[in-house]
Amino acid sequence: GGDGAGDDSAAATAAADEAAWRRGNGPPFVEDELEAFRDEWGTRVGVITCSADLVLLTVARTPFNRVTVKAFFPEGYPDAPLLFEMSSDTLGEGVLRKLTALCEKTAAANAGERQLLPALTALREVVSTNLLLYAMEEVREARAELRSYKTVTWKVNEATGSVRALCKYGEYAVTVGVTVSPDYPEEPPAIKLTKCTFPDSIKASVLAQAESVARKCAAGFDATTALTPTEPSEIASTSAKANKVEHAITAEHMRSLKHDVVVLKEIGELRKLNETKKAGDNRRFAHSSAARKAARRQLKSISKAEAEAEAKVEEQLQRIAEAERAAHTRVASDVPQRCVGALLLYLVRDFAVALPREPCQVCGEPVLPPQASKAARYAASETHDKKPMRVYCGHWYHYKCLDDYLTSPPFLKSCPSCSRRVYHKNWTSDVKKLERVWAMEQAKRRELADVADFMSMGDEFTVKPSE
């Protein structure tokens with residue numbers, strides 16, 4: 001009976017030893033595997049903890065492609081696969097779930113054998129070769145937001161770090177390409193617009209803004225700030241009803257314009273008094289020396305008063321501009337920011353898909369004709385009425401609509417869509433200059449109308465200033 005009890009005790013001890021070995025708590029298997037792991041990985045990654053209970057380490061290619069891994073030895077290991085937990089302060093939850101699934105799948109495929117090295121080797125391979133790893137979440141979010149656009153086809157290559165979107169709307173098409181380097185986001189992504197049927201000038205303008213956004217994000221600005229204009233912007237909003245933009249001309253505007261007209265008329269009369277010669281005698285003036293001297297004095301006084309008034313207006317406009325710039329100034333972070341998702345939304349949604357349907361902000365008609373060839377001709381012209389013009393806020397106008405919009409009172413106009421000040425480098429933003437030009441045109445128009453009435457000529461003989 002005693003011998004049987006001893007046999008049972010020995011069998012129980014052997015079973016316990018086997019169980020301990022299977023759990024990874026004994027040296028025969030787990031310690032050998034940990035030793036092999038230390039030899040292979042110890043100098044390559046940030047190993048934090050390495051014991052028979054837990055392996056904790058960091059796998060990283062750059063500061064932005066970094067993941068912390070916890071590997072647990074379960075009861076029954078190595079027949080039971082390793083358990084993994086992933087965390088990262090740079091990679092998204094979706095990416096971490098995929099990396100965790102990769103490690104667990106690799107461990108399960110090696111059940112009954114060493115699993116730690118194969119699983120971590122597979123993880124390191126992905127971290128080292130997948131250039132889109134840091135941008136994966138923003139690419140996924142951008143594609144999800146653009147899912148409703150059925151005319152957009154996507155191609156993603158993780159090994160080369162490229163995302164391409166093939167966009168088509170009617171006769172307009174473009175392939176948007178955004179490619180990240182191994183140093184993204186410290187190095188801005190490369191951007192290409194190929195197979196493009198949009199006018200070359202529009203393509204160049206859009207590409208230039210996209211590249212500017214990428215550079216700003218690499219410098220530490222977030223994508224929203226990088227896409228936001230920092231020049232004169234928000235002023236009183238305007239309304240657009242029935243495709244017609246309405247602007248309230250304030251009493252201040254009217255006083256200023258009437259003053260300019262009166263001053264111009266007075267200057268004209270004084271100059272005429274000072275310079276008019278006697279009829280039939282070009283050597284003698286029509287007015288006395290005293291009268292001409294008084295006229296010159298008054299001209300000088302008017303010029304001085306107008307210069308002082310313009311200086312005050314210029315100072316006021318300068319203060320407004322400085323306040324607007326300060327309101328839109330953002331401080332860059334010390335850390336480069338993501339921009340791939342924002343670039344895809346801007347280039348695909350706001351450009352390739354939206355522009356063929358974009359209305360002129362004044363007349364409400366499409367800013368581009370349905371025919372891409374016509375759009376190319378209009379854009380190549382300097383002053384074609386239908387030439388598409390993009391203003392500072394990002395919205396589009398026809399050339400003729402924009403010219404009328406910016407050269408008629410009131411001169412501080414805002415965009416009907418975003419309420420930012422309408423600004424374009426081809427038109428002056430000097431309000432006083434615009435007021436003077438407008439006032440001179442009105443004065444000329446009245447003079448021509450007076451002459452036509454005096455000579456009993458109809459409206460068809462009245463020459464408009466623009467002609």
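**Helix packing, strand pairing and backbone exceptions**

Biologist: H6 and H10 are roughly antiparallel to each other. What makes them count as roughly antiparallel in this predicted model?

Modeller: Helix H6 (residues 200–218) and helix H10 (residues 340–353) pack at an angle of about 155°, and their axes are 10 Å apart. The term applies to angles over 145 degrees, so H6 and H10 are roughly antiparallel. The crossing of the two helices is right-handed.

Biologist: Which residues make the contact of H6 with H10?

Modeller: On H6 they are Ile202, Val206, Gln209, Ala210, Val213 and Ala214. On H10 they are Leu343, Tyr346, Leu347 and Phe351. Sorted by class, this contact has nine nonpolar residues, one polar residue and no charged residues.

Biologist: What is the angle between H3 and H4, and how far apart are their axes?

Modeller: Helix H3 (residues 93–109) packs against helix H4 (residues 116–129) at about 145°, with the axes 8 Å apart. The crossing of H3 and H4 is right-handed.

Biologist: Which residues of H3 and H4 meet?

Modeller: From H3 come Leu99, Leu102, Cys103 and Thr106, and from H4 come Pro118, Ala119, Ala122, Leu123 and Val126. The contact of H3 with H4 has eight nonpolar residues and one polar residue, and no charged ones.

Biologist: Why are E5 and E8 said to stand at the edges of their sheet?

Modeller: The open sheet has four strands in the order E5-E6-E7-E8, with antiparallel pairing. Strand E5 (152–157) and strand E8 (190–194) each have a single partner strand, so one side of each is left without a neighbour in the sheet. From one strand to the next, the twist averages 15°.

Biologist: How do you know that E5 and E6 pair?

Modeller: Pairing requires at least two bridges, and E5 is joined to strand E6 (residues 162–169) over six bridges, in the antiparallel sense.

Biologist: What makes E2 and E3 a pair, and how many residues lie between them?

Modeller: Strand E2 (residues 54–62) and strand E3 (residues 65–72) are joined by eight bridges and run antiparallel, where at least two bridges are needed for a pair. Leu54 stands opposite Phe72 in E3. The two strands form a hairpin with two residues between them.

Biologist: What makes the phi of Lys195 worth a remark?

Modeller: Most residues other than glycine have a negative phi. Lys195 is not a glycine, yet its phi is positive, about 50°. Lys195 belongs to the loop between E8 and H6.

Biologist: What is the mean pLDDT of the protein chain, and where does pLDDT stay under 50?

Modeller: The mean pLDDT is 80, and 75% of the residues reach 70 or more. Values stay under 50 over residues 20–28, for which the model has 22 contacts beyond four places in sequence. They also stay under 50 over residues 232–253, for which the model has 47 such contacts.

Note on methods:
Residues are numbered from 1 along each chain as its sequence is written. This is a predicted model: local features need pLDDT of at least 70, side-chain atom pairs count only at pLDDT 80 or more; totals for chains, interfaces and linings use all residues. Side-chain values use heavy atoms; hydrogens and water are left out. Axes are lines fitted to C-alpha atoms, for helices over the stretch in contact, and angles run from 0 to 180 degrees between N-to-C directions. A crossing is left-handed if the near helix is turned anticlockwise from the far one by less than a right angle, and right-handed if clockwise. Contact means heavy atoms within 4.5 Å. Ala, Val, Leu, Ile, Met, Phe, Trp, Tyr, Cys and Pro count as nonpolar, Asp, Glu, Lys and Arg as charged, and the others, Gly among them, as polar. pLDDT is the predictor's confidence in each residue, from 0 to 100. Angles under 35 degrees count as roughly parallel, over 145 as roughly antiparallel, 65 to 115 as roughly perpendicular and the rest as oblique.
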